[in-house]
Amino acid sequence: MSVGEGQLKARTSGKAASGKTDSSIGSGIVEAAEPIDQDTSRAKAVVPWWVRDAPSYAFSCLTVLSFVTRYWRIWDPAQVVFDEVHFGKFASYYLRRQYYFDVHPPLAKMIIAAGGWLVGYDGGFLFDKIGLDYMSHGVPYIMLRGWVALFGAALPLLAYMVMAESGYSVAAAALAGLLVTFDNGLVAHGRLIMLDNIMIFFMLAAVYSYVRFFKQRHRAFGAQWWTWLVSTGAMLGCAASCKLVGLLTVALIGCAVIYDLWRIIDIRRGTTMAQFTQHFAARAFGLIAVPFALYLGFFYIHFAVLTHTGSGDPYHTAQFQMQLIDSPMTKSSFDVYYGDEIVFRHRDTRAYLESNSARYPLRYENKRISSQGQQVTGAKKQSDAAYWRIKPTNRQDGEFEQFVARRQAGETLEDVELAKWTVRHTDVVLLEHVATGGHLRTHDVASPLMETNMEFTMAAANDTAAAADTKWQIRIEGASSNVTRLKTSASFVRVVSERHSVAMWTHRKPLLPEWGGRHQEINGNKNAEEKSTLWTVADIRGRVATAAEQEEMRRRVKPMGFLAKYAELQGLMIHHNNALTSTHPFQSSPITWPLLTRGVSFWTDNAQRRQIYLLGNPAGWWMADAALVFYAVLLPVLELCRRRAYYVIDPIAERHLLRSTAFIAAAWALHYLPFFLMGRSLFLHHYLPASIFAYMLLAAMFHFFNFEDYRRFSLRNWNGHARALLPSPVAALVFVVIAFVHISTFVFFAPLTYGSRSLSPDEVNSRRWLSSYDLHFQK
C-alpha cells in the first residue's frame with residue numbers, strides 16, 4: 001500500500017456512511033487516542049521490550065542530542081555576540097542593583113542574572129559593544145551562556161512530550177523532537193545570552209500543561225486536574241513575563257478554553273449552570289488570576305532588586321526617580337531662580353542645549369536657504385557652551401539686577417524675596433547664552449534637517465525686531481498650578497515659544513553635517529505636548545548641595561507604591577516598544593520568515609573570517625511550509641467530501657486531524673500572523689516560536705500519511721509504553737529521509753551557526769542557497 005493510501009481510501013463507494021464516530025473515545029481540541037484494541041489477538045500479542053520501551057529510548061536520545069547541539073563549543077566565540085550587548089548588560093545591572101529600563105518584562109533577564117550570581121559574578125562588565133573580549137575582563141560568560149542553553153536544550157524534549165501526550169506515535173513525536181533539535185536558528189539563539197529560548201521554554205511548557213489538563217476533563221476538579229490547570233497558568237505567566245510576545249501563547253490557550261467551555265455548556269451533555277459556573281470560575285482562577293499574579297510578582301522582585309539609581313532613570317517621572325538610592329534628584333534638586341546660569345539636558349537623548357559662534361551655512365545640501373544665524377545644537381557632553389542665564393521678560397525697574405547682584409555678593413536673602421524670583425510653571429522667560437551674550441530665538445524659517453520644524457538660532461540682546469521671537473514659556477510636566485517651582489533634576493519641562501507655540505526639541509538621527517560638528521539638531525516641534533519635548537535643568541553653575549541640604553531633600557521625597565511604579569513602567573514599555581520603528585540592516589518582514597529568505601548577522605571575526613549568521617534550517621523550514629500548505633488544503637477537501645457524504649478517512653484519524661492537529665496549526669498561526677499587525681522593527685528570531693509549531697505540524701502530517709491504525713500506534717503519554725513503532729517499511733523510509741535531509745542541512749550550515757571555523761569564499765557562497773542570504777566574506 002502506498003504512503004497515505006490507507007488514510008485516503010474511501011470508506012464507501014459513493015454511498016453515505018451509516019455509522020457515526022464513537023463519542024466515548026473523547027472530544028476536544030487536544031486529543032490522546034484511547035488504547036482500545038478491536039481484536040483480542042492483538043491485545044494479547046507480546047510486545048518486544050525494545051518496542052515497549054521505545055518512548056524512553058527516544059526521549060533519552062533526544063536529550064543527549066539536544067545538549068550536544070546546544071553546548072558544543074559554547075565557549076566560542078569568547079566575545080560579545082549580537083544582543084548579548086543588551087541582555088548581558090541587564091543581567092549585570094541586576095547584580096549591581098542599578099535601575100535600568102527595557103521594553104521587555106524582567107523574568108528572563110532575572111534568570112540570566114541568577115546564573116551569574118550562582119558563580120559569584122558581580123556585574124562588573126557592562127557588555128558595551130559587540131566583539132568585546134570576555135576573557136580579558138574576567139566574565140563568566142560560559143556559565144551565563146550555559147545557563148540559557150539549559151532552556152534551549154529543553155525545547156526538543158517539550159516538543160516530543162506535547163506530541164506524545166496529544167496521542168501521536170512515538171515516531172511522529174521523535175521526528176518533531178529531532179526537527180527542533182537540529183534547527184540552526186534555535187541552536188544559534190539558544191546558546192547565547194539572549195531571552196527568546198527562555199520564553200519559548202515557558203511557551204511550550206504552557207502548551208504541554210494544557211494538554212495534560214485537557215486530558216483530565218473526565219476527572220474534573222480532581223487533584224491532577226487542578227495541578228495541570230494551575231501549571232498552565234503559571235507557565236503562561238512566566239512566558240508573558242519574559243517578553244510580551246508570550247501573550248500570543250495566552251491567546252492560544254484562551255481560544256482553546258473558549259472552545260472547551262462552549263463544549264461544556266451544551267445542555268446535551270447534562271451540564272447544569274451551577275456546574276458550568278464552577279468550570280468557568282476555576283479556569284478564570286488558574287488561567288487569569290495565577291498568570292497575572294506571577295506577572296505582578298516578577299515586577300515586584302524587579303523593583304525590590306533594582307533599588308539604586310542607574311541608566312533607566314531618565315525614562316521615568318521625577319517621583320519615580322526620587323525613590324532610587326543616590327538619585328541626583330534627591331541629592332541636587334534646587335529651586336531655579338531668575339539670574340541663575342543653568343544647563344538644559346534633553347530627557348530622551350541626554351543631549352545638552354548649547355550654542356557657539358558658528359553660523360548655519362547659506363545653503364543646505366538640499367539647496368534650501370538658511371537664515372545664516374548663529375547655530376544652536378545638541379551636544380553629547382556638557383561644556384561652558386551649554387550654560388544659559390534665565391531672565392524675566394519684565395525687569396521691574398532694576399529690581400532683577402539688584403537681586404542678582406546681592407546673590408552674587410553672597411548676601412543671605414529672605415525666603416519671601418527668593419520666592420518672588422523663583423521660576424515657576426507658565427512663566428515667560430528669556431534665555432541668554434552666557435558665552436556669546438545672545439538670546440535664544442526661533443522664527444519662521446525651516447530647520448536644517450526637518451523642513452516642517454522651525455529653526456533655532458540666536459538674536460542679539462538689543463535686537464528689538466526679534467524680541468517677540470525670544471520669549472519662552474516654561475511648562476513643567478505634571479504641574480497642577482502656576483505656583484509649581486522649576487527645580488534642577490526633579491522637574492521635566494517644556495520650553496515653548498510664546499509667539500510660535502513650538503516646543504524646543506531634538507532627535508538622535510540624523511545628525512547635523514560637519515558644519516554642525518555632528519551634533520544633534522535643535523528645532524521647534526509644532527506638536528508641543530509630545531513626550532519627546534521634555535527637558536531637565538541638569539545643573540546650576542556654582543550650586544552644590546551641602547550634606548544638610550541633601551538630607552532634607554531625601555526627607556521630602558514622597559513615597560511611591562508598587563502599583564504606581566508598575567503602572568508607570570508598563571506604560572513606558574508599551575510606548576517605547578511601539579516606537580522601535582527605526583530601520584535596521586537585518587530587519588525583515590513577516591511574509592519572508594516561513595520562506596527563510598534572509599537571516600541576521602550576529603557576529604563576525606574579520607581576522608579569521610568567521611561569522612555567526614542566524615538562519616533556520618532551510619530544508620526543515622521548507623518541509624514545514626509544505627506541511628502547512630497541505631494541511632490548509634486538506635481541511636476544505638475533507639469538508640467538501642463530508643458535504644457529499646463521502647467519508648474518505650478513518651473517523652478516529654479525522655477527529656485527530658480536526659482537533660489535535662488543528663490545535664497545533666492554530667498555535668503556529670497565533671504565534672506568526674499577529675506580527676503582520678505590528679509596526680515596530682521585526683527580525684527573523686520573532687518567528688522561532690512559530691517554527692517549532694510548524695515542525696510539530698510536519699510531524700503530524702507524517703503521522704497522518706503513514707499510520708492507518710491510530711489506536712495501535714498512538715501513545716497515551718510521553719513516558720509510557722508503545723505497542724508498535726512503524727506500520728510499514730515505507731513509513732520507516734519516509735522518517736529516515738526527512739531526518740537525514742534535516743540533519744545533513746544542519747551540519748552543512750553549522751559553521752555559520754557556531755562560528756566555529758573560517759570558510760573560504762567558495763564555501764561561503766555554497767551556503768547562499770538564496771541570493772538574499774547576505775553572508776560576510778563572499779569574496
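This is a predicted model: local features need pLDDT of at least 70, side-chain atom pairs count only at pLDDT 80 or more; totals for chains, interfaces and linings use all residues.

Modeller: Residues are numbered from 1 along each chain as its sequence is written, and side-chain values use heavy atoms, with hydrogens and water left out.

Colleague: How many helices and strands does the protein chain have?

Modeller: Helices (H or I, at least four residues) and strands (E, at least two) are DSSP runs, numbered from the N terminus. On that basis, the secondary structure of the protein chain comes to 25 helices and 14 strands.

Colleague: What percentage of the residues in the protein chain is buried?

Modeller: Buried means under 20% relative accessible area, exposed over 50%, and partly exposed in between (1.4 Å probe, protein chains only). Of the 779 residues in the protein chain, the buried share is 54%.

Colleague: Why is helix H20 described as largely enclosed by the rest of the structure?

Modeller: Helix H20 spans residues 651-658, and it is largely enclosed because six of its eight residues are buried. These buried residues are Ile652, Ala653, Glu654, Arg655, His656 and Leu657.

Colleague: Which residue caps the N-terminal end of H20?

Modeller: The cap involves the backbone nitrogen of Ile652, and a side-chain oxygen lies 3.0 Å from this nitrogen. Ile652 is also one of the buried residues of H20. The oxygen belongs to the capping residue, Asp650.

Colleague: Which residue pair is joined by a cis peptide bond with omega of about 5°?

Modeller: Most peptide bonds are trans. The proline of this pair, Pro77, lies in the loop between helix H4 (54-71) and helix H5 (84-96). The pair is Asp76 and Pro77.

Colleague: What is omega for the cis peptide bond between Lys509 and Pro510?

Modeller: Pro510 is found in the loop between strand E10 (503-506) and strand E11 (520-525). For its cis bond with Lys509, omega is about -5°.

Colleague: What is the phi of Arg73?

Modeller: Most residues other than glycine have a negative phi. Arg73 is found in the loop between H4 and H5 and is partly exposed, with a relative accessible area of 26%. Although Arg73 is not a glycine, its phi is positive, at about 50°.

Colleague: Is Gln372 buried or partly exposed?

Modeller: Gln372 is found in the loop between strand E2 (352-359) and strand E3 (374-379), and it has a positive phi of about 60°. With a relative accessible area of 39%, Gln372 is partly exposed.

Key. A polar contact is a pair of N or O atoms within 3.5 Å; within protein, one must be able to donate a hydrogen and the other to accept it, and residues adjacent in sequence count only if both atoms are side-chain atoms.
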